[in-house]
Amino acid sequence: MNPRRKKRMTLLLAVVAGLSVMVGLVLYALQQNIDLFYTPTELVQGKGKDQIKPEVGQRLRIGGLVVPGTVKRDQQSLNVSFDLVDAGGEQVTVRFDGILPDLFREGQGIVAQGNLADARTIDAFEVLAKHDEEYMPPEVAEALKGMEHFKPEYTEAQLKGSNL
């Protein structure tokens, strides 16, 4: 092999090796930011035809309707827990430590992002409430197809408003 071809081959191998390392590093960095979306039924029964279930500790997103009467708030902290349901009928508990969005209420659709604590419990670090009656993310709309929103029931004090 003449020196010119040898130099070209070395340069080509260096470029291919550099690109391989770069692609590997990008994929490794993206691995931490990929969140799979689940519905409560998919979380409990598995997703897809292979019925693949997430592992405990896996980061994920879950969407569904907040079950009326399941919102439990800790009086001493910002901890709150509530159950989610979808058209499949499975219920999953979401635990959240923080301030819930203003639009959060029982019977509303939400999306929570967090880590799977056990087969039916998610420790959420972010809770998003849908902003109006018409829009819903496509994944949530598909999961809730055929379900009706729960009509919120307000107390007299809530209807009058607070006098702060």
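This is a predicted model: local features need pLDDT of at least 70, side-chain atom pairs count only at pLDDT 80 or more; totals for chains, interfaces and linings use all residues.
**Exercise 1. The main core**

Which residues have the most contacts inside the largest nonpolar core, and how many residues does that core have?

Step 1. Count the members. The largest nonpolar core has 21 residues.
Step 2. Pick out the residues with the most contacts inside it. They are L43, I62, F82, F104, I110 and V127.
Step 3. Find the elements behind the core. Helix α2 (40-45) supplies at least two residues, and so does each of β2, β4 (79-85), β5 (91-97), β6 and β7.
Step 4. Look for another core. A second, separate one has seven residues, including F37, L65, V67 and L144.

**Exercise 2. The neighbours of L43**

List the residues that L43 touches, leaving out those up to four places away in sequence.

*Solution.* Step 1. On the one side stands Y38.
Step 1. Widen the view to the chain. Take contacts between residues at least 6 apart in sequence: 57% of them join residues at least 24 apart.

**Exercise 3. The order of elements**

*Solution.* Step 1. Count the elements. The chain has four helices and seven strands.

**Exercise 4. Strand β6 and its partners**

Which strands pair with β6, and in what sense?

*Solution.* Step 1. Take strand β2 (residues 59-66). β2 pairs with β6 over seven bridges, in the antiparallel sense. Here I62 stands opposite A112.
Step 1. Take strand β7 (residues 121-129). β6 and β7 are also antiparallel, with eight bridges. A112 stands opposite V127 in β7.
Step 2. Check the link. β6 and β7 form a hairpin, with two residues between them.
Step 3. Check the cover. β6 spans residues 109-118, and seven of its 10 residues are buried.

**Exercise 5. Strand β4**

Why is β4 described as largely enclosed by the rest of the structure? Then name its strand partners.

*Solution.* Step 1. Count buried residues. Six of the seven residues of β4 are buried, so the strand is largely enclosed by the rest of the structure.
Step 1. Pair β4 with β2. Two bridges join them, antiparallel. V66 has L84 as its bridge partner.
Step 2. Pair β4 with strand β3 (residues 72-73). They run antiparallel with two bridges. R73 stands opposite V80. A hairpin of five residues joins β3 to β4.
Step 3. Pair β4 with β5. Seven bridges join these antiparallel strands. F82 has V94 as its bridge partner. The hairpin between β4 and β5 has five residues, and G89 in the turn has a positive phi of about 90°.

**Exercise 6. The surface**

Is L11 buried or exposed?

*Solution.* Step 1. Locate L11. It lies in helix α1 (residues 3-31).
Step 1. Apply the cut-off. Exposed means over 50% relative accessible area. L11 has 57%, so it is exposed.
Step 2. L11, V15, L19, M22, V23, V26, L27 and L30 make a nonpolar surface patch of about 740 Å².
Step 3. Of its 164 residues, 30% count as buried. The chain exposes about 11,500 Å², and carbon and sulfur atoms supply 56% of that area.

Key
Residues are numbered from 1 along each chain as its sequence is written. Side-chain values use heavy atoms; hydrogens and water are left out. Buried means under 20% relative accessible area, exposed over 50%, partly exposed in between (1.4 Å probe, protein chains only). Contact means heavy atoms within 4.5 Å. Accessible areas come from the Shrake-Rupley method with a 1.4 Å probe; for residues, only the protein chains shown count as cover. Two strands pair if DSSP finds at least two bridges between them. Patches are made of residues with over 30% relative accessible area and no salt bridge: like charges are joined within 9 Å, nonpolar side chains (Val, Leu, Ile, Met, Phe, Trp, Tyr) within 5 Å. A salt bridge is a side-chain nitrogen of Lys or Arg within 4 Å of a carboxyl oxygen of Asp or Glu. A nonpolar core is a set of buried Ala, Val, Leu, Ile, Met, Phe, Trp, Tyr and Cys residues joined through side-chain atoms within 4.5 Å.
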